[in-house]
Amino acid sequence: MQVHELRLPLRAEDIRKLKEGDKVLLSGIIYTARDQAHKKLIELIEKGVDLPFKLRETAIFYCGPSPKAEGKVCGAIGPTTSSRMDGLTLPLLQQGLKVIIGKGERSAECERQIREHGAVYLTAIGGISAVLARTIVSCETYLWEELGAEAVYRMELDRLPCYVGIVGD
Amino acid sequence: MRYLKAEDIQKALTQAICQISYESDPKAVERMRTAHEQSNHELERDVLGAILENNELAAIDNIPLCQDTGCTVIIAEMGRELVIEGATLQEIADRAAAEAQGKCPLRASISYDPLFRRKNSGNNSPAIVHIRQVEGKRLKLKIAQKGGGAENMSFLMMLSPATPLEKIKEQIVQRIVESGSRACPPLVVGIGIGGNFERCALLAKEALFEELGRKHPDEHYAALEQEILSMINKCGKGAQGMGGGLTALAVHVLHEACHIASLPIAVNLQCHAHRHVDIEL
Ligand code: SF4
């Protein structure tokens, strides 16, 4: 198993050297988005509004954090089931998204879209929040706070462990 | 008659919910530790290592085991000579779920309306409560915080009683294997057989609360549990679906009488974050 330490934004050659099953320790700024946030992001894209962050330079993490306890950097962090976002992924890829973090298999269709866009799908382990929390440098609500766990959070990662699930050629 | 105060039950419940949110079933952890030591599958060792580390860090760092801190499920055995003063068990459970949500804190993961207004209740209430009346004066509560991933991969089948046993096993195993990593294996598999449509689902849930890896008292069902467990683990899906030999930690069956025309079977999956405890008041 090869281990890659990568910092966002990823360059095309960073992605090209990845193989399925490799381990990645990912650092940099990412944004969370689950079902509701995807719908809202896509609405913005369809309206032609610029998103408040550059998809090309970041990663989208399918994650709904739990609230922070007092004095903590973040609450419990972890991936949610990616397949719920299968039908919502293409518009983000078309806007330049290169890195997705989630849990579990993708549909054949979605897998093809990820490959075609030269993107990488990383799977994180579900149910290891305390381990992942140690890799979170900061975590703030960024958009749509009223959505609670479904809001968009901005996080800074320091070597978040994940594995390469799908990678574009 | 014995009288129990609603506040006392709520206090014990809140404490139990908080405790299990940070601690997996120790027997489940033990199984994963043994597999971690014995596995020669590199990815599986890596994944199991992270899960084991998580079980240690959760308590130290005061971070819940999983970001899906779950829905509170309670199966209550209530003595017929027991009176609860001040509130119904449902009200008490709802208050405890909300109290634990704020106190731990846990993620608010309950939507008021399942279909049209998927608005978060904001405090993890309501809880799901099942009550069974038993002899005596005691109140036993089996409590779980049940995550969405594993629950979503659970299923129910109304089979024909003529279905050959081999076919039944195959169908159960196939569905579990197909769920891949979505239920966060290694899994605990609860199987309810018999009863009727709704009872077999409840039996499957209750089977998850059995002592992990206990042997079924009926030899036929004990053999069935073992066979299904070994079939699941031969599939090679492994921890988190990343490959290896530990897809399930245990299979527990509970069975009950049923209609001569029916064979209801429900399978309730539980993820490696096996958060449950029994308390007695
Ligand atoms: S299935 Fe269990 S371990 Fe996986 S994300 Fe859900 S609650 Fe957490």
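Visitor: How many residue pairs are in polar contact between chain B and chain A?

Guide: The count is 18 residue pairs, both residues at pLDDT 80 or more. That threshold applies here since this is a predicted model.

Visitor: Why is the pair B:Asp61 and A:Arg134 called a salt bridge?

Guide: The term asks for a side-chain nitrogen of Lys or Arg within 4 Å of a carboxyl oxygen of Asp or Glu. The side chains of B:Asp61 and A:Arg134 come to 2.7 Å, N to O. This is an Arg with an Asp, and 2.7 Å is within 4 Å, so the pair qualifies.

Visitor: How many salt bridges are there between chain B and chain A?

Guide: The count between these chains is 2. Over all chains, the structure holds 33 salt bridges.

Visitor: What makes B:Asp46 and A:Lys23 a salt bridge, and why does the pair join two chains?

Guide: Their side chains meet at 2.8 Å, N to O, and the cut-off is 4 Å, so the name applies. B:Asp46 sits in helix α3 of chain B, while A:Lys23 belongs to strand β2 (residues 23-32) of chain A, so two chains are joined by the pair.

Visitor: Which strands form the open sheet in chain B, and in what order?

Guide: The order of the 4 strands is β6-β9-β7-β8, with mixed pairing. Strands β6 (155-159) and β8 (248-258) of chain B are called edge strands because each pairs on one side only. Ignoring direction, neighbouring strands are turned by 15° against each other on average.

Visitor: How do you know that β7 and β9 of chain B pair?

Guide: Pairing needs at least two bridges between the strands. Strand β7 (residues 187-195) and strand β9 (residues 263-270) of chain B have 6 bridges, in the antiparallel sense, so they count as paired. Among the partners, B:Ile193 is bridged to B:Ile265 in β9(B).

Visitor: Which helix packs on this sheet?

Guide: Helix α8 (residues 219-234) of chain B does, touching β7 and β8 of chain B. The direction of helix α8 makes about 140° with that of β8(B).

How values were computed
Residues are numbered from 1 along each chain as its sequence is written. Chains are lettered from A and ligands numbered from 1 in the order in which they are written. This is a predicted model: local features need pLDDT of at least 70, side-chain atom pairs count only at pLDDT 80 or more; totals for chains, interfaces and linings use all residues. Side-chain values use heavy atoms; hydrogens and water are left out. A polar contact is a pair of N or O atoms within 3.5 Å; within protein, one must be able to donate a hydrogen and the other to accept it, and residues adjacent in sequence count only if both atoms are side-chain atoms. Axes are lines fitted to C-alpha atoms, for helices over the stretch in contact, and angles run from 0 to 180 degrees between N-to-C directions. Contact means heavy atoms within 4.5 Å.
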